[in-house]
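Please open the model in a viewer and keep the selection tool at hand.

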Amino acid sequence: MKRIGVTGHRSIPQEAHAHVLAGLRAALCGLEGSLEALSSLAVGADQLFADLALACGADLTVVIPSGDYESCFADAAELARYRALKGRAVREVRLGYPHSTDEAYFAAGAYIADHCDRLLAVWDGRPARGLGGTGDIVTYSIKKMID
């Protein structure tokens with residue numbers, strides 16, 4: 001089974017959306033054999049990746065950073081989309097953090113990076129704005145490959 005994970009921004013500029021979608025589709029769809037997609041289902045890149053992975057026939061594994069993760073969604077529509085995608089997952093990994101902290105987000109990103117064969121990053125190339133951001137997970141993954 002091939003395992004592909006995602007790390008990415010919560011906000012994707014409208015002018016980049018089609019490009020991001022095409023890149024994700026190229027990486028996910030048309031692969032031979034079974035595919036597992038790993039995501040924390042955050043708004044933005046994570047949910048876009050998960051939705052496309054499911055459409056391409058992948059098994060979805062959800063990595064939940066903390067016990068109160070659902071409280072991080074800004075409104076009812078965001079939470080409903082998260083719950084709908086989570087409901088379609090074949091596996092759920094719950095990390096032991098009680099609260100959604102930067103450390104919990106970093107641990108979730110590192111878990112995904114550690115448990116996939118390929119990590120897709122929807123990233124603007126800038127440093128993370130806080131521990132556990134996309135830039136941190138990209139740096140973590142690169143360091144892991146070098147070590």
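How many nonpolar, polar and charged residues does the lining of the largest pocket have? This is a predicted model, and in it that lining has eleven nonpolar, eleven polar and six charged residues. The pocket itself has a volume of about 640 Å³.

Select Gly8, Arg10, Gly132, Gly133 and Thr134, which are the closest to the centre of the largest pocket among the 28 residues that line it. Next, colour strand 1, helix 4 (102-114) and helix 5 (134-146), the elements that give two or more residues to this lining. Helix 4 gives the most, with five residues.

Move on to the second largest pocket, which holds about 200 Å³ of space. Its lining includes Cys116, Asp117, Arg118, Val138 and Met145. Strand 5 and helix 5 each supply at least two lining residues here, and helix 5 gives the most, with five. By class, this lining has seven nonpolar, one polar and three charged residues.

Now select helix 1, residues 14-28, which reaches 21 Å from its first C-alpha to its last. Show the side chains of Val20, Leu24, Ala27 and Leu28, the buried residues of this helix. Viewed down the axis of helix 1, these buried residues fall within an arc of 85°, so they line one face. They pack against strand 1 (2-8), strand 2 (35-39), helix 2 (45-55) and strand 5 (118-122).

Finish at Gly30, which follows helix 1 and has a positive phi, near 85°.

Conventions
Residues numbered from 1 in each chain as written. Predicted model: local features only at pLDDT ≥ 70, side-chain atom pairs only at ≥ 80, totals over all residues. Heavy atoms only, no water. Helix = DSSP H or I, 4+ residues; strand = E, 2+ residues; numbered from the N terminus. Expected span 1.5 Å × (residues − 1). Buried < 20%, exposed > 50% of the residue type's maximum accessible area, 1.4 Å probe, protein only. Arc of directions from axis to C-beta. Contact = heavy atoms within 4.5 Å. 1 Å grid on protein atoms, 1.4 Å probe; cavity = no way out; pocket = protein on both sides within 12 Å on 5 of 7 lines; lining within 4 Å. Points joined across faces, edges and corners; volume = space filled by probe spheres on them. Nonpolar A, V, L, I, M, F, W, Y, C, P; charged D, E, K, R; others polar.
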